[in-house]
Amino acid sequence: MPGPRDAAIVGVHTTHQTRDSGGRTGLSYGLEALRGALDDAGLELKDVQGLFAQLSGWPNAPSEGSGYYAMANWPYQLGIPINWLTGAVNAAGTGAAAILDATAAIRMGSVDTVAIVLGAARPAQPTGKTAPWTWNAHEFTQWTGSITPAQFALVARRHMHQYGTTPEQLAAISVTIRNHASINPAAVMFQRGPYTVDDVLSSRMIAEPLTVLMCALVNDGGGALIMTTAERARSLRKPPVYVLGGADQLSYPAYAEAPLLKRHVGGDFSREWVARGFAQAGVGHDDIDVVELYDGFAIWALMQLELFGFCGEGEGGPLAQGNDLELDGRFPVCTDGGCQAFSHNGTPSLFRPIEAVRQLRGEVMDLCPGWATGDHTYDRSICRKVRDPKIAFAAGMGPPTGGGNFCILARD
Amino acid sequence: MAAETSEYLKPLPRPTPFSEPFWEGARQHKLLVQRCESCGRFRWTPQLACPWCLAEEYEWREASGRGTLYSFTVIHRPPDPVAFAGDVPYVLAVVELEEGPFMQTNLVGCPLEAIRIDMPVEVTFERATEEISLYKFRPAR
Ligand SMILES: [Zn+2]
């Protein structure tokens, strides 16, 4: 039985995504995105009662991680009372996890309208050093010289050993994803490419087998998404996108514990909770028209296809090599260019459901002359719009193996 | 030769009162791992309570130092190119200890082309400073 369609996404916005933010703060990006998303919905700030926010560089926040006190700045900053307030509990918190939380709050009747806001801007790094959040700053990890891509490379190498996955298969999924950004004017990597498997394999090696073109971007930017009751949604500007279901699982402390394909502590990435999320939504995998994976690294995109049941265990590699993940295939993935080529501002999980909403609404910016009015050519050298999608999947993942979340969205 | 402490530029662990017994063991070239006094299981990384039975009692037990290579990656892009200049490319590895736990570490003393997943490895200690000896693994002899 599908769950009730009683909560809907009614507004989305993304700011300029850039590798040169010129001193803007995460708050600045977040506020711009919030205004944009409210405008998209035809709502005003005073309509917002609930908030889920994750922002970097907020000078009024007492300190990083001081949860409640930092969050309590929000009503003051926005000038409105907030009746339901929560923050991201992990790096993937602002996406599907926040949408599921907000759906519950709306379904309970605690609030009618919720804003989910994301903004991040990072100070420039000293020449040559990788960004500090990639250092895996843990007592038993950092001394090894690990960086975040290396943690995913450990998983990739074991996956290759266990299932015969090849570097060509890893490159193939990055090619698919990156070539969507090539024709997306809003993407950081717009007009870069199109790429071939050889281009990806021959790009700079970061941590074997992952080359730089198999890794996420590092950039700044913001996004926001507005949700409200289905009843209210019907009277707003844009066609509502309903939240059908989803699921969330936390598993283990990433970058401290070794990333394993099979967990011996904390339990495996459970097929049961995936099945539960699909059952809640009342759909099967073949009903999904758009698959917004959280594609921080090629191996993680490929493994999510397995973990979420789009293919069997160890079958991600062969699936990545066919046409199934292309825009006209069974499971079009990361249609905006994803974390690898649209935007990765450190915590970009909100961009996955935002892109899903845009595909479902038919608001897809690409190189088609008529894109702004929804007229698409479906010529894949200029068009990244999926044909008539009705149901979309959006993931938000944390560590390499084990933890993550997803939501399933549908238009009327 | 200058003192080692001023020469070691790479990040070093900062022991806490909780982890100090482990680092004290490492100084003596012993690989100490927590063992639950209730269910007898070994665990890594150190935790206050057993993740299998929640018992809080544990002892630091010396591991055999033997294990197998679960996975590895050759890192070409270090976090800090100056500090790691002498190391690149270097090997980040996950070792499955004989006692059960999995450990992140560096694999050393092995030509890159000779590395094989599941190969037997053994611990070796590298003195970084007076306080810190790092536990690394090499092919078993
Ligand atoms: Zn125990």
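# Salt bridges, chain contacts and selected residues

The structure holds 29 salt bridges, counted over all chains. The model is a predicted one. Among the salt bridges is the pair Asp40(A) and Arg361(A), whose closest N and O atoms are 2.8 Å apart.

**Salt bridge Asp40(A)–Arg361(A)**

- The closest N and O atoms of Asp40(A) and Arg361(A) are 2.8 Å apart in this salt bridge.

**Salt bridge Arg157(A)–Glu208(A)**

- Arg157(A) and Glu208(A) form a salt bridge in which the closest N and O atoms lie 3.7 Å apart.
- The two residues are 51 residues apart and link distant parts of the chain.
- Arg157(A) is in helix α5 (residues 148–163) of chain A, while Glu208(A) is in the loop between β5 (205–207) and β6 (210–211) of chain A.
- Arg157(A) counts as buried because its relative accessibility is 17%, under the cut-off of 20%.
- Glu208(A) has a relative accessible area of 22% and is therefore partly exposed.

**Salt bridge Arg330(A)–Asp286(A)**

- A salt bridge joins the side chains of Arg330(A) and Asp286(A), at 3.1 Å from N to O.
- This pair, too, links distant parts of the chain, the residues being 44 residues apart.
- Arg330(A) sits in the loop between α11 (316–321) and α12 (338–342) of chain A, and Asp286(A) in the loop between α9 (271–281) and β9 (290–292) of chain A.
- With a relative accessible area of 43%, Arg330(A) is partly exposed.
- Asp286(A) counts as exposed because its relative accessibility is 60%, over the cut-off of 50%.

**Salt-bridge network**

- Asp40(A), Lys238(A), Arg361(A) and Glu363(A) are joined into one network by salt bridges that share partners.

**Contact between chain A and chain B**

- In chain A, 36 residues are in contact with 43 residues of chain B.
- The two chains bury about 3400 Å² between them, and 61% of this area is on carbon and sulfur atoms.
- Glu139(A), Phe140(A) and Trp143(A) supply 24% of the area that chain A buries against chain B, more than any other three residues.
- Two salt bridges are counted between chain A and chain B.
- One of them joins the side chains of Arg158(A) and Asp118(B), at 3.3 Å from N to O.
- Between chain A and chain B, 21 residue pairs are in polar contact, with both residues at pLDDT 80 or more.
- On the side of chain A that touches chain B, α5 and β5 of chain A each supply at least two residues.
- The largest share of that side, seven residues, comes from α5(A).
- By residue type, the side of chain A that touches chain B divides into 17 nonpolar, eleven polar and eight charged residues.

**Helix α2 of chain B**

- Helix α2 (residues 20–27) of chain B has Phe22(B), Trp23(B), Gly25(B) and Ala26(B) as its buried residues.
- These buried residues fall within an arc of 155 degrees when seen down the axis of α2(B), so they line one face of the helix.
- The strands against which the buried residues of α2(B) pack are β1 (32–36), β3 (58–62), β7 (120–127) and β8 (133–139) of chain B.
- His29(B) follows α2(B) and has a positive phi, near 60 degrees.

**Ser174(A)**

- Ser174(A) is in helix α6 (residues 167–182) of chain A.
- At 0% relative accessibility, this serine, Ser174(A), counts as buried.
- A polar atom of the side chain of Ser174(A) lies 3.5 Å from the backbone oxygen of Leu213(A).
- Not counting residues up to four places away in sequence, Ser174(A) touches Val200(A), Leu213(A), Met214(A), Ala298(A) and Gln340(A).

**Arg330(A)**

- Leaving out residues up to four places away in sequence, Arg330(A) touches Asp286(A), Ile288(A) and Asp324(A).
- The side chains of Arg330(A) and Asp286(A) also make a polar contact, at 3.1 Å.
- Arg330(A) and Tyr29(A) are 301 residues apart in sequence, and their C-alpha atoms are 35 Å apart in space.

Technical notes: Residues are numbered from 1 along each chain as its sequence is written. Chains are lettered from A and ligands numbered from 1 in the order in which they are written. This is a predicted model: local features need pLDDT of at least 70, side-chain atom pairs count only at pLDDT 80 or more; totals for chains, interfaces and linings use all residues. Side-chain values use heavy atoms; hydrogens and water are left out. A salt bridge is a side-chain nitrogen of Lys or Arg within 4 Å of a carboxyl oxygen of Asp or Glu. Helices (H or I, at least four residues) and strands (E, at least two) are DSSP runs, numbered from the N terminus. Buried means under 20% relative accessible area, exposed over 50%, partly exposed in between (1.4 Å probe, protein chains only). Contact means heavy atoms within 4.5 Å. Buried area is the accessible area (1.4 Å probe) that two parts lose on being put together, summed over both. A polar contact is a pair of N or O atoms within 3.5 Å; within protein, one must be able to donate a hydrogen and the other to accept it, and residues adjacent in sequence count only if both atoms are side-chain atoms. Ala, Val, Leu, Ile, Met, Phe, Trp, Tyr, Cys and Pro count as nonpolar, Asp, Glu, Lys and Arg as charged, and the others, Gly among them, as polar. The arc is that of the directions from the helix axis to the C-beta atoms.
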